Amino acid sequence: MALYVLYEHAAGYGLFSVKEFEEIGMLLPQVEASILDISRFNAIVKLVGFHPFKTAVAALNNVNAISEGLVPDDLSGFLDTTLPKSSKKKPVTLGVADPKLGAAIAEALDVQCSHIGAVPEILRGVRHHFAGMVKGFTDQSAAVAQLGLGHSYSRCKVKFNVHRSDNMIIQSIALLDQLDKDVNTFSMRIREWYSYHFPELVKIVPENYMFAKVAHFIKDRKSLTNDRLAELEEILMDSEKAQAVLDASKMSMGMDISVVDLINIEMFAKRVIKLSDYRHQLAAYLHSKMNSVAPNLQALIGDQVGARLISKAGSLTNLAKFPASTVQILGAEKALFRALKTKSNTPKYGLLFNSTFIGRANAKNKGRISRFLANKCTIASRIDCFTETPSTVFGEALKQQVEDRLKFYEQGEAPRKNLDVMKEAIQRINQQSAEGNKKKNKRKLEETNGNSTELNGAGGESAKKKKKAKLNDTNGDGGAADESTLNGSSAMLDESMDVTNGEKKKKKKKKNKSRESVVDE
C-alpha cells in the first residue's frame with residue numbers, strides 16, 4: 001500500500017511519498033521523535049512534485065476553494081499528472097490534513113484519502129522541513145509567501161456586502177438600547193433639576209422629550225408671558241396645555257434660580273433634546289438596514305425584535321442555522337438553565353415576548369403562539385439569509401399565517417394550509433420578477449432609442465452645418481472668385497466669338513476676290 005501526502009503551502013502544492021507506511025503506522029511514537037531530525041525524516045518522506053502558484057491572486061483563489069471544501073483546478077491538474085494511479089496490486093492512498101478536502105478529492109478524482117493515523121504527524125514534519133525539502137526554496141521566501149497570503153486571505157474574509165451587512169444591525173440595535181437607557185436617565189435628571197424652579201410643569205407635561213423642549217424654551221418662568229404663548233403652543237401642539245403652563249408659571253411655588261444655574265439647565269436640556277432626536281434618526285436607520293438585510297423577518301415581527309434576534313444569535317447566518325426551539329427561548333438562557341437545575345417548568349419565550357402577537361394572545365395560548373411564531377421566524381431568517389433578491393412577500397405571508405393562527409385560537413376559524421400559502425407567495429415573487437424584467441427591458445430599449453436619436457440628431461445637425469458651410473463658402477468667400485471666373489469666362493466667350501467672326505469675314509473677302517477675278521476675265 002503506497003501512501004502519498006498532500007501539503008498545501010502558501011507558495012504552492014507539494015506531493016510527498018512515504019516509505020514503509022505499514023511499519024510507520026505501527027511505530028507512531030518513533031515518527032513523532034524523528035520529525036525534528038531532517039536526515040531521519042528525509043529517509044521516510046521524499047518530494048515527488050511541487051506545483052507553485054503563478055500569482056498571488058491564484059494562491060488566494062486556491063486557498064478560498066480549499067477552505068470551502070472544494071477542489072480547485074490547479075490542484076486537480078497537479079494530482080492527475082503527479083499522483084500515480086492505484087491498482088489492485090498496489091493501491092494508493094492520499095493523506096490530507098482537512099477531511100472535507102479529502103472527501104472532495106475522493107469524489108472528484110476517485111482517489112482514496114485519509115486524514116488519520118500517521119498522516120497528521122507526517123504533515124507536521126513536512127510543515128517543519130518544507131523549505132529544506134524543495135530546491136530553491138528558503139525559510140525567508142516561505143515566510144514572505146505565508147505573510148502575503150495570510151493578509152490577502154484575511155482581507156477577503158473580512159470583506160462583506162456593503163448593502164447587506166448584519167454587523168451594522170447588531171451595532172445599531174445595541175446603541176439604540178443604550179440610548180433608551182441614557183435618554184430616560186437624563187430625562188429624569190432634567191425633570192428633577194428643573195422642578196426646583198418650576199415644579200408644576202411635571203404634571204402638565206409628563207412626556208420626557210416634551211418636558212425637555214418646554215424647559216429649554218421657558219428657561220426662567222417669570223419671562224413667560226402672553227407674547228410667547230403662540231410659540232409654546234407650537235412646541236406642545238395643544239393650546240389648552242400651553243395656557244395651563246402659562247397660568248402655572250404665574251402661580252408657581254418654585255424657588256428662584258440664578259442665571260448661571262439656568263444656563264446649565266438649558267445646556268443640559270439641549271443635550272437631552274439632541275439625544276432624543278438622534279434616537280429617532282437611529283431608529284429610521286435601523287428600519288432601512290433591516291429592510292435591506294432581513295426584509296421578511298422585519299415584515300413578520302418588526303424592526304427591533306428582529307434586530308435583537310440577529311444580535312443575540314451573532315449574525316443572520318447563525319440565526320438561520322438555529323432550530324425553531326432555540327429561537328423560541330433565545331434571550332431566556334438564564335431562566336432555562338435555572339429551570340433545568342431546579343427541575344421546574346422551562347420558559348415559553350425569550351426575546352419573542354416583545355412581539356405584538358404574544359401580547360395579543362390569551363394566557364393559555366401564549367406558549368402555543370410563541371412556538372408557532374418561532375417556527376415562522378426561522379423560515380423568514382433562512383429565506384433572508386440565502387435569497388439573492390430580497391423581498392417582503394414571504395414575510396407578509398408568514399405574518400398572515402400567524403394572524404390566522406391567532407384567530408383560530410380565539411374564534412376557532414381553521415387557517416389555510418402552509419403549502420397553499422407558500423405556493424401563492426412563490427407565484428407573487430415570480431410575477432414581481434417578470435414585471436421587473438419587463439421594466440428593465442423597457443429601460444434598455446429607451447436608452448438604446450435615446451442614444452440612436454441623439455446620434456441621428458447629431459448627424460443631421462452636422463450634415464446641415466456642413467451644407468450651410470458650403471453655401472456660405474460659395475456665397476461668401478468664394479463670391480469674388482466666382483465673379484472673376486464668370487467674368488473671365490464671358491471674356492473668353494467674347495474673344496472666341498470675335499475670332500470666329502473674323503474668320504468668317506476673311507472667308508467672305510476671299511470669295512468676293514475670286515468672283516471679281518472671274519468677272520475680269
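Is Arg-360 buried, partly exposed or exposed? Arg-360 is partly exposed, with a relative accessible area of 41%. Here are some friendly notes to go with the model.

1. **Ground rules.** This is a predicted model, in which local features need pLDDT of at least 70 and side-chain atom pairs count only at pLDDT 80 or more, while totals for chains, interfaces and linings use all residues. Residues are numbered from 1 along each chain as its sequence is written, and side-chain values use heavy atoms, with hydrogens and water left out.

2. **The overall picture.** You will find 24 helices and five strands in the chain. These are DSSP runs numbered from the N terminus: H or I with at least four residues for helices, E with at least two for strands. Of the 521 residues, 35% are buried. Buried means under 20% relative accessible area, exposed means over 50%, and partly exposed lies in between (1.4 Å probe, protein chains only).

3. **Contacts and surface.** A contact means heavy atoms within 4.5 Å. Among the contacts in the chain with a separation of 6 or more, 66% are between residues 24 or more positions apart. The chain exposes about 32700 Å², and carbon and sulfur atoms supply 55% of that area. Accessible areas come from the Shrake-Rupley method with a 1.4 Å probe, and for residues only the protein chains shown count as cover.

4. **Salt bridges in general.** A salt bridge here is a side-chain nitrogen of Lys or Arg within 4 Å of a carboxyl oxygen of Asp or Glu. By this rule the count comes to eleven salt bridges. Arg-221, Lys-222 and Asp-256 are linked in a network of them.

5. **Arg-360 and Glu-403.** Back to our opening residue: Arg-360 forms a salt bridge with Glu-403, and their closest N and O atoms are 2.8 Å apart. The pair links distant parts of the chain, with Arg-360 in helix α20 (residues 356-360) and Glu-403 in helix α22 (residues 393-411), 43 residues apart. Glu-403 counts as buried, at 19% relative accessibility.

6. **Asp-180 and Arg-279.** These two side chains meet in a salt bridge, at 2.7 Å from N to O. Asp-180 belongs to helix α9 (residues 166-194) and Arg-279 to helix α14 (residues 259-293), so this pair links distant parts of the chain, 99 residues apart. Asp-180 is partly exposed at 24% relative accessibility, whereas Arg-279 is buried at 19%.7. **Lys-312 and Glu-333.** The side chains of Lys-312 and Glu-333 also meet in a salt bridge, at 3.9 Å from N to O. Lys-312 lies in helix α16 (residues 303-313) and Glu-333 in helix α19 (residues 333-342), so the pair ties together parts that are 21 residues apart in sequence. Lys-312 is partly exposed at 46% relative accessibility, and Glu-333 is partly exposed at 28%.

8. **A positive patch.** Lys-438, Lys-439, Lys-440, Lys-442, Arg-443 and Lys-444 gather in a patch of positive charge on the surface. Patches are made of residues with over 30% relative accessible area and no salt bridge, where like charges are joined within 9 Å and nonpolar side chains (Val, Leu, Ile, Met, Phe, Trp, Tyr) within 5 Å. Lys-438 lies in helix α23 (residues 418-477) and is exposed, with a relative accessible area of 57%.

9. **A buried serine.** Ser-381 is found in helix α21 (residues 366-386) and counts as buried, at 0% relative accessibility. Leaving aside neighbours within four places in sequence, Ser-381 is in contact with Leu-316, Leu-319 and Ala-320.

How values were computed:
Lys, Arg positive; Asp, Glu negative; His and termini not counted. Charge placed at Lys NZ, Arg CZ, Asp CG, Glu CD.
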